[in-house]
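This report looks at one residue and at one interface. Please have the sequence and the model open while reading.

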Amino acid sequence: MNKAQNGLDLLSQAYSCYRRHKFDDAVEICTTLLAKNSLDQAAFVLKCRAANAMVAVDRTDIDEEVAGDTLLDRNAATTTARVGTTYRRTSTAARPVTKSGRPVTGFMRPGTQNRMASGRRQQMKTATARAGTARPVTSGGRVLRLGTASLATLQREGQIELGSIDPHSYASKPYGRILADYLIDVSGETSRATELASTALGLKEDDVFWCHRHARALYNLGLLQEAETAYKRVLQLAPSVSVFMEAARIPVRRDQPLAAKELYDRGLAVFPGSPSLILGKARVEDTLGNEAEAEKLFKAVIRADPTNLEAIASYGANAFYSSRYELALQLFTRLVHMDAAVPAVWNNLALCYHHICQPDLALQALQRALLGADSDATAAVWYNTALVALALGEHALARDALHCTLQTDPAHTAALNCLGVLELQQGNDEAARQAYMAASEGDGFEPHLNQALLAYKTGRVEKAFELVKGVLEDVPGEEQATQLEARIKEDFLL
Amino acid sequence: MATCADRSANQTVYNLYVRERLDECLSLIDVMESAGTLTEYAIFIKGLIFRRQGKIAQSYSLFEQVVELNPNNASYLKQMARSATLLGLHSQAIQLYGRLEELKLDDWESWYHKGSCLTFVQDYDAAREAFLRANDIERHLPTYLKLGKLCVIVEDYQYAIKVYTEALGFAPLDPGLLRTVGLLKLRLGETQEAFQLLGRSLVYDKRAPRTLLAAASVMQDSGDIDAALAKYRAVAAQRPQSAQLWSNIGLCFLSQDQPFVALQCLRRARYLAPFAWIIAYNQGLVHVSLGHPLAAYHQLRAAAALKPDYAPIFGLMGVVLADLGDADNCLAAFDRALEFDPDSAEIRLNKTIALFRLGRDSAGRAAWAGLQSRWGGESDLGGSPEVSKAAKQIAKYISINRQ
């Protein structure tokens, strides 16, 4: 590309690229310009803007907490919070959850991928089993990852020499703002951004933009206390929905759901009916397990914004788990019509069909789910296929499906347990025992209980007693286990 | 050879053991062990205590020790055999009981336990002999119960009834026994007697869930739905995870014309017991009454896969397939049903109706003629009022069409 080709000078070319959303090209041209003249401010500003635009992210969506941050968290006030005031629920949820501890809706909500699970076994799993990710990522989460990724490409092409730029001289200039965004979003030099922002605030105290960027930078640095004060000031100066959403990340990250709810409520008082704010509140309620309240809010979101995928998916999941399968079916079908049908949605649809006794349609939906599924989802889909087949009395198909589940996820506890039950049904006691043994490596008490029942049936009373004691430690008062224990104790006395 | 000191130590151990001061007893034995004055008897008692605490493997090795010290002591051998039984080492235990026999120890307990071991290794005749020997020596309720259970396993119901009747003479007030006999009678179709036995059992144990469930199901069969539901409520408080309970409740609601509630109950029952064919069959029944032939067909197919020789499943499947308009499979289902139960007027009548509904009038007439010649007259087809009502309707339909 040169001047003669388009009849434009390079800067205009770059600007034209920028306006046509060809950010890569714009950055490239600006890099050439800056190589020629490193003090070319126009090229510098354009490059910053293009780079910012390249990594533009929805601010309301980045509240991911990474394992490293959780481990090094110094903001926690107490380790044993009262029930209903914390996200870390100790009770075992009745619903199936994602590996990060959320009910499966088919919508991966931000901020839920890395939350540490509360279960004893799950914690161990994060520490040992997943060898590839054993070292926790520290600080910054997705923000930093985005930064480093683009930083690498930019540096290869000739990065802006930030060492040569004195942030203080930019504080008073208008394009200092663009540089601030560049520092926060692209290069990940958050401390520098903080410096820049505080210098600018020194010059003009009540500047909304600088207040906001200051708060954002502080939050990214993990200084939650300071960030909170800064956000408060922004909200005083110029409240807006996005700032409320950003500010609410602080109590969420601090595990203070009630404070988060309060903040959303304050936001809703200023911006009544804002779908983002209602959705934020609904997420909090849902994670706390207040299903009825969450459902009301999800409905309100759908009323305000009928195309909100997350609200539809979550409302659908809630309906499903409260046994209103027809309603759930409608909602998931709507997602399919909106072209948002990820495998999980087809999977949920299939379960709805299964529960309203239309197994043929359920199997079709499961087939669709298999088409785009990744390995985790594949295992779930095959497992559900096995359930549908069992309900149809097709035991051979169920067994095959379970084997497929185990092929994609060899440690699928439920599948192993189910396989054990099937083998027992066929009279293969030994195969059943082996399946239960494999299943009891994972979560849940069922494999242990099944093993105990099998051991008692075959006369190995001691083994049964040991196992049933373990089950009753995990789940005190489990009906079958209590009965079995009483019978064994009678045997011992005789 | 026991010295005087040993004897007094043994006495103390014995005293502590029979007074159920097990912890003190164990610590005394430990003291004896560290002082080097451990006696055979103390090891034996330690084994007994361990077994009561559920440490069977340890108790077994302790008994092994004492048997080594004193191979001809019958009570040591007996306890070792008992521990082996609890560990699941059935054939080993049987050998030990054989040695006891050589020692001429004739007590009911060893014969009883030998019988249980033989039941586990499926040597049923020998097991029966062992139980009978136990009863010859001394009569005990557990022996009767095991013997009865054994007879049920080998499907010798008449003998089981005989055993239980004898047991009832021996222990007429035991609620568990009354319930067991009641359930057996229920299974053999002697409903009236069964109900009486269950009622007697309930007199002595008012809240026993299994007895209540059985009694309520008899009430339900005789049409007393409200009373049955009241009993089921009492059961549900104690055993909320019982699949039979929810299945029965579901059918109660069906007979009270609340099919949707019935469906919910049955769904729960099915979730709790996915392999119970009768629940799938009941689900099919509810779907038929709701007019969902396809859903009913799926449930009935599941039931048929689990229980391939029960005529009513195929009979109902035939009705459903007629609703769905699948003539060939419909007739195949009826034929299968009649294979298992050729004398059922209901299935034959349904087949006739299905033939007419599928438009095969001539075949329907032939089937109707066959029915009439088989039972000789439309009115007393099977005895059930619904069947004779349907028969009358068909007769009317045929006579109208002929004109």
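In which helix of chain B is the place of B:D125?

## Basis of the model

This is a predicted model, in which local features need pLDDT of at least 70 and side-chain atom pairs count only at pLDDT 80 or more, while totals for chains, interfaces and linings use all residues. Residues are numbered from 1 along each chain as its sequence is written, chains are lettered from A in the order in which they are written, and side-chain values use heavy atoms, with hydrogens and water left out.

## The place of B:D125

B:D125 lies in helix α8 of chain B, residues 124-137, where a helix is a DSSP run (H or I) of at least four residues, numbered from the N terminus. B:D125 is exposed at a relative accessible area of 61%, exposed meaning over 50% with a 1.4 Å probe, protein chains only.

## The interface of chain A and chain B

Chain A brings 29 residues to the contact and chain B brings 33 residues, contact meaning heavy atoms within 4.5 Å. About 2500 Å² is buried between the two chains, and carbon and sulfur atoms give 55% of this area; buried area is the accessible area (1.4 Å probe) that two parts lose on being put together, summed over both.

Across this interface the rule finds 1 salt bridge, which joins the side chains of A:E394 and B:R301 at 3.0 Å, N to O; the rule asks for a side-chain nitrogen of Lys or Arg within 4 Å of a carboxyl oxygen of Asp or Glu.

Technical notes
Helix = DSSP H or I, 4+ residues; strand = E, 2+ residues; numbered from the N terminus. Buried < 20%, exposed > 50% of the residue type's maximum accessible area, 1.4 Å probe, protein only.
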